[in-house]
Amino acid sequence: MDRRYFLKGAAALTGAVIMTGAANAASDISGVFPKHGPLGEPRGINPGRVTWQHDPSSVSWDRVDYWWKPENYNEGAIAKMIADGLIALTGATSAQKAWEALFAWNNQENGKPGGYRAGQKMAIKTNMNGAGEYNDDPHGRIASPYGNPVLLKVLLLSLVEDGTVEPGAITIFDTCRIFPDYMRAMCTSGKLAGIQFRYRDEAGEMDATPDKNAPIEWSGPVDGETTWFPSCLTEADYLINLANLKGHSWGMTLGAKNHFGSFVNSDRRRTPAAAGLHDNIINGKMNGYSVLADLIANPQINAKTILWILDALITAPSETGNITPASARWEMAPFNGGYACSLFFSQDPIAIDSVGADFLVNEPNMLKHNRGLAVNRDMENYLHEAALLPAPPSGLSYRFNSRSLGVHEHWNNAQDKRYAGNQKPGSGIELLYHRS
């Protein structure tokens, strides 16, 4: 097996570095975003690290069947991508030790001793936007994007086998969409028996019910219904954000926006609209209040999240457009006309979304199928706001603003894909690439 690492700097520095406009070691960037130096405070065991696993053998879809069919994926290859990604992220020697390190780091950040303890609950937020809205049948919009079922299954196996989390302590959720029957079945059988799903099952036993003791109080002008976090999240001790790397009619959907499916109000299909959030997303401008920064700063998300993942096995140009080979293949190196076949891992929510944003706005085929990516500079406002807490560019005092949520910058160019942290670990994003 050809194992190649590049974009890798020296061992990570200890401590945190706050930079509010330092000159970027990168010389230039392509794409829509203006060049700027690292902003904010890198987070994680290796601060600001994002690991990128790329294995072209992980996907074999030729459109004979639908993209989501399990037989279109190499389960063993994806399992190795997860293990290698966690090991590279933490610097551990095995997947088991990597999970131990992730739990211990999260507890240390929250002033708690030790690592994972038996009985503690884990929630996993997936992005099911694109799955059915009324029942379990995925065939109404069969080619639309949603969370990859094989990736979810393999992640759960790693969490149970290597992370030693009991299946009965794990809940996968998306409050405003459904999980198809086949997906629930494959993720609750065998070693995964006992895992729970919570979703839009109004009046049903699997409904993601609101915790009426956990209303979201927004920091800026939001004119909408009262909105609550679901009980499956508020009762959890830990959280994993399993998001998609894909375009959106607004521009992009990454880790932060995945949490638009993490709250509940009266409109279970259009929860963010009922909460009054869409205007802030669609019409938001740079240096303005960001509901995304506000949301991921909330302790229900920020304090509990041990891992942020971007699924780029097969990518979509938007949340409503169908996935086809023509729209899902990537032209830039190292993909060279193939599917992205990639997974990204980080403990830093701003770093991983910054990397995802750079990929989206620099991929010619994404721009071809979603012109909004090429013109909406304001997409990155939430990254600036969240990185520069507690003194964001908007000047707003966020409710939970005691510290930076992570580091934000852009790569030097689409060929090298290098960040400040690749030259000086701990100073910015450090992107580590591994191709199997």
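Contact here means heavy atoms within 4.5 Å. Helices (H or I, at least four residues) and strands (E, at least two) are DSSP runs, numbered from the N terminus.

Two words on the basis. This is a predicted model, where local features need pLDDT of at least 70 and side-chain atom pairs count only at pLDDT 80 or more, while totals for chains, interfaces and linings use all residues. Residues are numbered from 1 along each chain as its sequence is written, and side-chain values use heavy atoms, with hydrogens and water left out.

1. Let's begin with a pair of helices. In H1, Glu75, Ile78, Ala79, Ile82 and Leu86 touch a set of H3 residues that includes Val150, Leu151, Val154 and Leu157. The residues of this contact comprise 9 nonpolar, 1 polar and 2 charged (Ala, Val, Leu, Ile, Met, Phe, Trp, Tyr, Cys and Pro count as nonpolar, Asp, Glu, Lys and Arg as charged, and the others, Gly among them, as polar).

2. How do those helices cross? The axes of H1 (residues 75–90) and H3 (residues 149–161) come within 9 Å, at roughly 55 degrees. Axes are lines fitted to C-alpha atoms, for helices over the stretch in contact, with angles running from 0 to 180 degrees between N-to-C directions. H1 and H3 are therefore oblique to each other (under 35 degrees is roughly parallel, over 145 roughly antiparallel, 65 to 115 roughly perpendicular, and the rest oblique).

3. Now for the charges: a search of the whole structure finds 14 salt bridges, each a side-chain nitrogen of Lys or Arg within 4 Å of a carboxyl oxygen of Asp or Glu. One of them joins glutamate 41 to arginine 403, with the closest N and O atoms 3.3 Å apart. That pair links distant parts of the chain, 362 residues apart: glutamate 41 is in the loop between S3 and S4, and arginine 403 in the loop between H15 and S15.

4. Please also look at glutamate 109, which pairs with arginine 403 at 2.8 Å between the closest N and O atoms. Because glutamate 109 lies in helix H2 and arginine 403 in the loop between H15 and S15, this bridge ties together parts 294 residues apart in sequence. Shared partners join Glu41, Arg43, Glu109 and Arg403 into one network.

5. Which members of that network are buried? Glutamate 41, at 14% relative accessibility, is buried, and arginine 43 is buried at 8%. Arginine 403, at 28%, is partly exposed, and glutamate 109, at 34%, is partly exposed. Buried means under 20% relative accessible area, exposed over 50%, and partly exposed in between (1.4 Å probe, protein chains only).
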